[in-house]
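Let's walk through this structure together, starting with its rings and then turning to a pair of helices.

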Amino acid sequence: MEKTVEQKLEALWALQSIHTKIDKILQVRGELPIEVADLEDEIAGLETRLGKIRDDLDGLEDAIVNRKNMIKDSQEAINKYESQLNEVKNNREYEAISKEIEIQGLEIKLCEKRIREHEFEIKNKTDSYDKTQEDLDFSKKELEEKQKELKAITAETQKDEEALQKKVQSAEKKNDSRLLKTYYKLRNSYRNGLAVVSIERESCSGCHNKIPPQTQLEIRQRKKIIVCEHCGRILVDEEMTEN
């Protein structure tokens with residue numbers, strides 16, 4: 001049997017009333033769930049940063065080892081070339097070997113310069129690592145405290161919330177599917193979750209804009225679904241909200 005408009009409005013208001021009670025429970029928890037989620041994201045970011053710095057430090061250490069090996073190779077080459085100088089037979093050979101010694105010497109200086117740069121970078125990255133680790137330890141401690149606080153508040157209200165959620169499921173079944181879709185669309189559009197509101201002082205209690213007298217009369221007659229022309233919320237009369 002098709003429900004009357006009045007019955008549909010009553011079912012919608014009953015659902016809104018349950019959701020409002022749930023919203024009040026969530027308000028008691030305040031911003032804690034968001035703060036916990038933000039801290040978890042922050043910790044994940046800091047851990048990623050630490051991993052990146054560790055990889056960079058490993059790369060710099062490897063680069064220093066490679067440069068030291070290159071210095072060793074160049075020094076061995078210089079020793080070999082210097083021993084050959086005693087055996088040269090003409091100026092052209094002497095100049096060629098001397099040039100090789102000079103090149104290897106420049107290579108050693110370049111490697112020593114790169115090693116100093118890498119060591120300076122290691123110092124900076126180590127400082128950054130220590131600071132990031134400090135931030136991570138602080139955030140983890142703060143998260144632990146927030147989680148304890150949230151757990152305590154949730155424990156106090158969980159039973160009530162679970163009972164209300166069951167009522168929501170029951171109330172949804174009593175609602176028209178098309179209206180239910182509109183209801184949730186409206187509910188998700190407003191931060192306070194109010195999709196169905198009453199007349200208060202001749203105004204919409206959702207947006208507080210005045211409702212024309214003729215519209216107020218039509219709302220009280222409960223013969224059709226009427227929405228606020230300003231905010232789009234579904235309107236019911238004061239008497240329905242008192243039941």
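How many aromatic pairs does a search of the whole structure find? The search finds 1 aromatic pair, where rings of Phe, Tyr and Trp (its six-membered ring) pair if their centres lie within 6.5 Å. This is a predicted model, in which local features need pLDDT of at least 70, side-chain atom pairs count only at pLDDT 80 or more, and totals for chains, interfaces and linings use all residues. Residues are numbered from 1 along each chain as its sequence is written, and side-chain values use heavy atoms, leaving out hydrogens and water.

The partners are Tyr 183 and Tyr 184, with 5.1 Å centre to centre and 80° between the planes. That makes the pair edge-to-face (planes over 60 degrees apart; under 30 counts as stacked and the rest as tilted). Tyr 183 is buried at 0% relative accessible area, while Tyr 184 is partly exposed at 24% (buried means under 20%, exposed over 50%, partly exposed in between, with a 1.4 Å probe and protein chains only).

Both tyrosines also belong to the α4 side of a helix contact, alongside Leu 179, Leu 180 and Arg 187 (contact means heavy atoms within 4.5 Å). From α1, Lys 8, Leu 12, Leu 15, Gln 16, His 19 and Asp 23 meet them. The residues of this contact divide into 6 nonpolar, 2 polar and 3 charged.

Charges sit over rings too: the charged end of Lys 80 is 5.2 Å from the ring centre of Tyr 81, and Arg 233 lies over the face of Tyr 190 at 3.6 Å (NZ of Lys or CZ of Arg within 6 Å of the ring centre and within 35 degrees of the ring normal).

Terms used
Helix = DSSP H or I, 4+ residues; strand = E, 2+ residues; numbered from the N terminus. Nonpolar A, V, L, I, M, F, W, Y, C, P; charged D, E, K, R; others polar.
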